[in-house]
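Me: I have a model open here and would like to talk it through with you. Shall we take it one question at a time?

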Amino acid sequence: MAKKRWYNSSYLLLILLLAGSLQTAGQVNPADFRFLDKLEGTWKMNTRKSTIVETWSRSNDSTWTGKTWRVVGTDSALQQSMQLVRRGADIFYIPAYEGQDKPATIHLRLRVLKPIGFVAEDLNNDFPKKITYRFKDARHLDARVEGVRDGTIEEYIFQYSISRD
């Protein structure tokens, strides 16, 4: 009696093809850079004590520039500057935090870019490790920043609305 194999060569081929297509499906297409056009403008989130303002503008064909401000009354303080940059086949989210003597160069690679938003990650970085922007609709944007600082997992969620001021 012949021993029954647990696999069939056609099943193995199907599994390999599916595994390869999953990896390809997760890659960002640089031509989809246009999906970021929804960022254009001023986004605001009110808190109990302040307003968080995030502005985005397109610098050129391959770069978006943004800034995040905390506004209290008539005073404002720049929190961070950021860029979304297309370089070859990759797109990077590059934040620069204010108040650091020597700002670290952080490049989070976009892993997902769809009409509803994007996910940028650098799993080797402590903070931020992952940044997600999700458009709930044309007027509402959620931004989530995740990572680890001083051994503590931190997550910040910003629920912005487009400003028509």
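Me: What share of the residues in the protein is buried?
Reply: Happy to start there, and please keep in mind that this is a predicted model. Buried here means under 20% relative accessible area. Of the 165 residues in the protein, the buried ones make up 33%.

Me: Which pattern does the protein follow along the sequence?
Reply: The secondary structure comes to one helix and 10 strands. Read along the sequence, the pattern is α-β-β-β-β-β-β-β-β-β-β.

Me: What is the volume of the largest pocket, and which residues lie nearest its centre?
Reply: The volume of the largest pocket is about 380 Å³. Its lining takes in 18 residues. Two or more lining residues come from each of β2 (51-60), β3 (63-72), β4 (75-87), β5 (90-97), β8 (130-137), β9 (140-149) and β10 (152-162). Nearest the centre of this pocket lie Q79, Q80, Y97, Y156 and F158.

Me: How many residues in the lining of the largest pocket are nonpolar?
Reply: Sorted by class, the lining has three polar and four charged residues. The nonpolar residues in the lining number 11.

Me: Is Q80 buried or exposed?
Reply: Q80 sits in strand β4. Leaving out residues up to four places away in sequence, Q80 touches G66, K67, T68, Y93, P95, A96, Y97 and E98. Its relative accessible area is 11%, and the cut-off for buried is under 20%, so Q80 counts as buried.

Me: How many aromatic pairs does a search of the whole structure find, and what is the geometry of W43 and F135?
Reply: The search finds eight aromatic pairs. W43 and F135 have 6.1 Å from centre to centre and 55° between their planes. Planes under 30 degrees apart would be stacked and over 60 edge-to-face, so the pair of W43 and F135 is tilted.

Me: How many residues apart are W43 and F135?
Reply: W43 belongs to strand β1 (residues 41-46) and F135 to strand β8. W43 is buried at 1% relative accessibility, and F135 is buried too, at 8%. Their pair links distant parts of the chain, 92 residues apart.

Me: Which kind of aromatic pair do F118 and Y133 form?
Reply: The ring centres of F118 and Y133 are 4.8 Å apart, with 15° between the planes. Because planes under 30 degrees apart meet the cut-off, this pair is stacked.

Me: Which residues form one aromatic cluster?
Reply: F118 lies in strand β7 (residues 117-121) and Y133 in strand β8, so their pair ties together parts 15 residues apart in sequence. Both F118 and Y133 are buried. The cluster is made up of W56, Y93, F118 and Y133.

Me: What is the omega of the peptide bond between F127 and P128?
Reply: P128 lies in the loop between β7 and β8. R149 lies over the face of F127, at 3.8 Å from the ring centre. Most peptide bonds are trans. The bond that joins F127 and P128 is cis, with an omega of about -5°.

Me: What is the phi of D150?
Reply: D150 is found in the loop between β9 and β10. With a relative accessible area of 83%, D150 is exposed. Most residues other than glycine have a negative phi. D150 is not a glycine, yet its phi is positive, at about 50°.

Conventions: Residues are numbered from 1 along each chain as its sequence is written. This is a predicted model: local features need pLDDT of at least 70, side-chain atom pairs count only at pLDDT 80 or more; totals for chains, interfaces and linings use all residues. Side-chain values use heavy atoms; hydrogens and water are left out. On a 1 Å grid over the protein atoms alone, a cavity is a set of points where a 1.4 Å probe fits but cannot get out, and a pocket is an open set with protein on both sides within 12 Å along at least five of seven lines; lining residues have an atom within 4 Å of a point. Grid points are joined across faces, edges and corners, and a volume is the space filled by probe spheres set on the points. Helices (H or I, at least four residues) and strands (E, at least two) are DSSP runs, numbered from the N terminus. Ala, Val, Leu, Ile, Met, Phe, Trp, Tyr, Cys and Pro count as nonpolar, Asp, Glu, Lys and Arg as charged, and the others, Gly among them, as polar. Rings of Phe, Tyr and Trp (its six-membered ring) pair if their centres lie within 6.5 Å; planes under 30 degrees apart count as stacked, over 60 as edge-to-face and the rest as tilted. Buried means under 20% relative accessible area, exposed over 50%, partly exposed in between (1.4 Å probe, protein chains only). A charge sits over a ring if NZ of Lys or CZ of Arg is within 6 Å of the ring centre and within 35 degrees of the ring normal. Contact means heavy atoms within 4.5 Å.
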